[in-house]
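Biologist: I'm new to this one. Can you put it on screen and walk me through it?
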Amino acid sequence: MANLASYRTRLSNSLNDTTTKYSTDVLDEALRKVLNEYSRAFPNLGSQVITLTSAGRTQSLAACSNLISVLRLVHPYNAAAADPYAGQREDFLLTWPAGVPSVFFSGLPIPLSGEKLFVEFASKQTIDDLDSATATTVRVDHEDLLVVGASGQAAMIRASGLNEAWGVKSGEMSQLMVWGSDQYARFVQFLAEIRTELSVDIFPDRYWELDRWDKANG
């Protein structure tokens, strides 16, 4: 799996630059932007078993690193049971107090201290060394298009900066913006294609009716 240094090299090659025109800060910011969009279309899927330290309807999911959405939640969870997933819950709401993911249970049973919570979740994709990440989770066959998207972002960032730069050649800014936009458009098309490869919906249907019509037709 490629790390940040590898991506920087590939971006510089794609932009035909040796960090003269594009600083590492610009390359990293461009990569960060496309990685976030890639994560929404094709997130990393994982699971976590949480031992509850307190009783109550609200429980922290901070242990689920880079969480985007909850796919399945089992409580109480017992890995040794004949069917560990028999306690799958649907009566919960994912909230983000102070930016920290938490889950609120509206029904029974109310979680107790010492019980276990099993969470399957979608999370942000990471690149080793980018924003303190310690591993790269991006699929190897998706790396090329991330480079394409980040190249487009970097070109558009630079084109925006050329607007007020002294001595810029006529048309250089617009040509760079057009090239960057074309590269980024290829990346967006790629996101639409890979989204269909997911076997799960990362944003599952809600569980509560909004009104009487919704209840009758849900």
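Modeller: One term before we start: contact means heavy atoms within 4.5 Å. Also, this is a predicted model.

Biologist: Good. Take Y7, then. Which residues is Y7 in contact with, leaving aside its neighbours within four places in sequence?
Modeller: Y7 is in contact with A2, L31, I127, V138, E143, L146 and V147.

Biologist: Which residues touch the most other members of the largest nonpolar core?
Modeller: Y7, L31, Y38, I127, L146 and F187 do. That core has 33 residues. The elements giving two or more residues to this core are α1, α2, α3 (143-162) and α4 (172-195).

Biologist: What does the second core include?
Modeller: The second core is separate and has 13 residues. L61, C64, L117 and F121 are among them.

Biologist: Back to the helices. At what angle do α1 and α2 pack?
Modeller: About 100°, with their axes 10 Å apart. Helix α1 covers residues 4-14, and helix α2 covers residues 24-41. That angle makes α1 roughly perpendicular to α2.

Biologist: Which residues make the contact?
Modeller: From α1, they are L4, Y7, R8, L11 and S12. From α2, they are T24, L27, D28 and L31. They divide into 5 nonpolar, 2 polar and 2 charged.

Biologist: Zoom out. How many helices and strands does the protein have?
Modeller: It has 5 helices and 6 strands. Along the sequence, the pattern reads α-α-β-β-β-β-β-β-α-α-α.

Biologist: And what share of the residues is buried?
Modeller: Of the 218 residues in the protein, 39% are buried. The protein exposes about 12,300 Å². Carbon and sulfur atoms supply 52% of that area.

Biologist: What about contacts with a separation of 6 or more? How much of that set comes from residues 24 or more positions apart?
Modeller: Those residues account for 75% of the set.

Biologist: On to the strands. Where is L73, and is L73 buried or exposed?
Modeller: L73 is in strand β3, residues 67-74. Its relative accessibility is 0%, so L73 counts as buried.

Biologist: What is L73 in contact with, beyond its neighbours within four places in sequence?
Modeller: G87, Q88, R89, F92, V103, F105, L117 and F118. Take F92 from that list. L73 and F92 are 19 residues apart in sequence and 8.7 Å apart in space, C-alpha to C-alpha.

Biologist: Which strand holds S123?
Modeller: S123 lies in strand β6, residues 116-123. S123 counts as buried because its relative accessibility is 6%, and the cut-off for buried is under 20%. Not counting residues up to four places away in sequence, S123 touches P43, N44, S65, N66, L67 and I68.

Biologist: Now a loop. Where does I110 sit?
Modeller: I110 is in the loop between β5 (102-105) and β6. At 35% relative accessibility, I110 counts as partly exposed. Leaving aside neighbours within four places in sequence, I110 is in contact with G56, R57, H75 and E115.

Biologist: How far is I110 from A55?
Modeller: They are 55 residues apart in sequence and 7.5 Å apart in space, C-alpha to C-alpha.

Biologist: Last one. Which helix has K33?
Modeller: K33 lies in helix α2. K33 is partly exposed, with a relative accessible area of 35%. K33 and A154 are 121 residues apart in sequence, and 9.9 Å apart in space, C-alpha to C-alpha.

Definitions and conventions:
Residues are numbered from 1 along each chain as its sequence is written. This is a predicted model: local features need pLDDT of at least 70, side-chain atom pairs count only at pLDDT 80 or more; totals for chains, interfaces and linings use all residues. Side-chain values use heavy atoms; hydrogens and water are left out. Axes are lines fitted to C-alpha atoms, for helices over the stretch in contact, and angles run from 0 to 180 degrees between N-to-C directions. Helices (H or I, at least four residues) and strands (E, at least two) are DSSP runs, numbered from the N terminus. Angles under 35 degrees count as roughly parallel, over 145 as roughly antiparallel, 65 to 115 as roughly perpendicular and the rest as oblique. Ala, Val, Leu, Ile, Met, Phe, Trp, Tyr, Cys and Pro count as nonpolar, Asp, Glu, Lys and Arg as charged, and the others, Gly among them, as polar. Buried means under 20% relative accessible area, exposed over 50%, partly exposed in between (1.4 Å probe, protein chains only). Accessible areas come from the Shrake-Rupley method with a 1.4 Å probe; for residues, only the protein chains shown count as cover. A nonpolar core is a set of buried Ala, Val, Leu, Ile, Met, Phe, Trp, Tyr and Cys residues joined through side-chain atoms within 4.5 Å.
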